[in-house]
Structures are given as C-alpha cells and as structure tokens.
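Trainee: Could we go through this model together? I would like to discuss the charged pairs and then the core.
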Amino acid sequence: MPDPGAEAGSAMAGVHGLRLLLALLLPVVSASTAGTVVRINKAVLSYVSEFGKVPLQEALKVDDQHFLDQSSEVLQTVRIQVPEVRVTRLHLKFLPDFGIYMWAAANFTVKVFCVPESLELTVPVILLSDLRVTQSSLGTPKISISTFFPHFGRATVLDDNKNLSPALLATLQKDIKAVLSSKLNLNLANLVDNINIHMGTLIGLNPVSPESQICYYMMNAPNITRDYISMNLNAVLFLLGNPIILPMDTPHLELPELVGNKAAMATLALSQNLFDSVLLLLQKAGALNLDITAHLQSDDNPLNTSVLSKFIPEVAHQVPEHKPVVLKVRLGATPVAAFHNGSITLRLQPLVEVLATSSNSAFQSLFSLTVVVNLNLQLSVSKAKLYGTTSVVGDIYLAVASSNVGSINLDRMYMLMDTVFEKPLLEHFNALLGIGISLPTVTNLHYVNPDICINERTLIPPLKQEHQEGWERPASLPRGPSCKSLGKRRQSQLEPLPASLAA
C-alpha cells in the first residue's frame, strides 16, 4: 500500500516546486502587463476587528510551559498553561507607508501547577504590535511582525479560598510574565505565518479553458495610506504550460482615489488589457473556434447542398447528391473589445469555411466567408470568477474570401446565416464565458455584488467581506444607481469596418 505520509510529502514538495518555478518564471514574462489593482479599504479593518477576535484568541492559547520556582527554599519546577483567552477588544488601523497597527485587550486564564497546591489566575493583557506589509519574493503580499509589546495587568486569584501573600503573588506574576512574553510573540508569529500561507495562494494557477491557465502576482510593494492598502497585480497567462507573450504597448492602470464605494471592503479594477489578454489566450488555444452542423435528421435542415444549390448553381454540379454542410468557424484574429461607459462590445472577425460532407467522411470545400459580427457583453461576478453572456448587436457583415463554386449570392447568404450562424455562435461563446475567468483571490474576500461599473478601459466589480461561505451566483444584473446595467443593446449599424475589410 502507498504510504499516505509519503504521498502528502510529495504533494507538498510539488506545491513548493510550483511556487519556485513561478518565482523564477514570472520576472521573465512580466515585461508587458495585464494589470489589475486591488485596494483593501479601511472598512475591512472594522470587519476584521469583529470577526478576528476568535482566531486571535485561539492563537494566543499557551500549552504547558515550565519554569523554576525560586521563591521557596527548595527549587521546584512549576508548570503553567493558558487554556482560555478572551479577547474583549481588537482595534486595527493602517500605518501609511508601513502596514497595520494592532491593539488588543484580552483576559488570560492561567493555570499554575505547583506544590503544595495549584492555582488558577486571570491576567489582563494589552497587546500592541506594528505589522509590516510588504511584497514577498514570490510576488505575494507578506505580513511580518515589526514590534510586539504585551503589557500585563495585575493578576487575580480566581479561588477566594486560597490565600496568597501579595509578595508571593507578585513573584508568581513576574515569572508568568517572563514565560508568556516570548511565547505570545511566537504564537502571534505563527498566526501571521498562517495568514501568509493563505496570501501565497494568490499565485496559484487557475483554469481559463482546458488548455490554458491564469495566475496573478504583485508587481511591486503595496501602496499604503491611512485609508487603504493598494496592490498592483499582473496576470500571467499560460497555454499548454507555456506563458504567452502579451503586447508591449499597454498603458499603466491606475485606480482613481474616488472610484468605487467608500463603504466597500475592497475595490478591484480590471484593465481592458487584462480582458484583451484573456481573449488572446482563448483565441490561441482554439477555444473560440467552432463547427456548426444542423440536426442531420431534421426535415427543415438548411445546412445541406440542396439549399445552397438554389442560389449557387455550381454547388449542384459539384455535389449532385443531397449532402449535409458544415460551417467551420475559425478566429484567426483576436476579438477586439471596446469599453464604453456602461457597456462592452466585442468585435469578432472569423473566417467561415463552408464544407460539404460525403459518405466516406471526407470534406469538400465549397467557399469561405469573412464575417464581422459585434457582440454586446453582459458581465456578472460570483465569488472569485467573472462570468459573461453575449448577444448580437446590429447586423452581420459578410464578404466572400474564396470560392470553388463561382459567384455567391450574398443577399441569400445573409438570410441563411441569420438562420444557422447567430444562435450556435452565441451558445458557444456563452458556454465558454459561463466557465468563468478567475479573478485575483484575496483571502476571505468574496465578490458578492453583481453590479459592475465599466469605465473607459477599466472594469470595477465591487468587493465585500463575506463572513458566510456560500451564496448562489446571481442570474442577472440588477440596475444600480451608479453603474449602468449591461443589458442587450441593438444598434442600427456597425461601427466602421477595418480598412482591410472595407476595401
């Protein structure tokens, strides 16, 4: 039987190996940026001050510790433990250009095991700490303890029947302080290390399609003010395990001071370049390509040579028998996304090859069309993924790219494409965008508001700290007062065509 411990060790080694590989690889592929900005606002500190008491209490508990009691004539070993800690108050604030200041008030229940009798004390403690927030070598946020000062109050014996002289109590309290001071520092350091482990998941690989992945990392040290911590992140996109090179002429993404809801726990800004890069990744992976076939047994199947021969006579000469037709849709060019205030439009320029099938499963190329179609993109957010649905905007543009069957009646072809092309295209794109694009994962931050503000070259989905884990993905986007709903929008005409197609 395999050794579970060995398997766990192997898995852990694999995780560390992946992080080491990414640490070496990310600086090489970061010359171009597919940027995002995550801003953790000071509103999150109030949340952590409330819900962070319990994990802090657990971290501050102390197991058995020993020291020599020198108060008696005979030296004896005294054992103490802190089985219970109750944090009554926790206060956090940002320190500009540094990190976070922590102030906590707690009551420690201390058990002292000694001869001739044991004692149980309560000790009030004030904990002060400056926590530095920096960038780790792996490109993740890192918290470290800069200073830590525990201030011990006067201890109180919980059992009134046990009389302890003030001098002996003072000596005992001095020994407890000496033992706990270093131990509490170590316990807090362990808590911070655990938080850093969760922060390290930022650079984890997340799937975009079966062949592609995306990961995020910090580009530089965080910017810290009294109101927020802002982190500039870059996305690295992988195709079949290899990073893809992004265009170099990409503008730097900045999040204006007044963008987003001040009451929000955090604000996330996604650059248009990130969106364009994901489209480039999907295009290179071939995920945007599709083959359109109708139900072969359907009586009204329009994708067959008989229908085509009615307005393309040469089809009947080359394929005299009734044969099914396949539309082979291939996107050789990356879709172009246009960000407007309140909406996003995708322009697709696929090449559609029309093929006739035969009994021996071979394909005969009849002709090919250059197609231009605009799609309106609706976005929604669930937890840590961005989802999309599309609808056609305006008319579809067709041009003959090549033909093996002579001239093509484009007016009739427009009618056929309206019937057989639009619906399969939308179904394919909506299924692909329904998988979701992974967004930067910030520990204990969930994307719970489906309203999305769209500015020129920027997406801003609001974030909110969510104490409960589960919630359902919203089915639609409600209209908000400050963010336009990305509903279906019809246009009477397309935007100007590229010069190559207009010619």
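Trainee: Is K42 buried, partly exposed or exposed?

Mentor: K42 counts as partly exposed, because its relative accessibility is 47%. Buried means under 20% relative accessible area, exposed means over 50%, and partly exposed is in between, with a 1.4 Å probe and protein chains only. Please note that this is a predicted model, in which local features need pLDDT of at least 70 and side-chain atom pairs count only at pLDDT 80 or more, while totals for chains, interfaces and linings use all residues. Residues are numbered from 1 along each chain as its sequence is written, and side-chain values use heavy atoms, with hydrogens and water left out.

Trainee: Which residue forms a salt bridge with K42?

Mentor: The partner is D227, and the closest N and O atoms of the pair are 3.3 Å apart. A salt bridge here is a side-chain nitrogen of Lys or Arg within 4 Å of a carboxyl oxygen of Asp or Glu.

Trainee: Where do K42 and D227 lie in the chain?

Mentor: The two are 185 residues apart, and the pair links distant parts of the chain. K42 is in the loop between β1 (35-41) and α2 (43-51), whereas D227 is in the loop between β10 (223-224) and β11 (228-239). Helices (H or I, at least four residues) and strands (E, at least two) are DSSP runs, numbered from the N terminus. D227 is partly exposed, with a relative accessible area of 41%.

Trainee: How many salt bridges are there by this rule?

Mentor: The count comes to four. One of the salt bridges joins D291 and R330, with the closest N and O atoms 3.1 Å apart. D291 lies in strand β14 (residues 290-292) and R330 in strand β15 (residues 325-330), so the pair ties together parts 39 residues apart in sequence. R330 is partly exposed at 28% relative accessible area.

Trainee: Turning to the core, how many residues does the largest nonpolar core have?

Mentor: The largest nonpolar core has 118 residues, and F108 and F367 have the most contacts inside it. Strand β19 (residues 363-382) gives the most to this core, with nine residues. A nonpolar core is a set of buried Ala, Val, Leu, Ile, Met, Phe, Trp, Tyr and Cys residues joined through side-chain atoms within 4.5 Å.

Trainee: What is F108 in contact with?

Mentor: Leaving aside neighbours within four places in sequence, the contacts of F108 (heavy atoms within 4.5 Å) include L60, V82, E84, L121 and L184.
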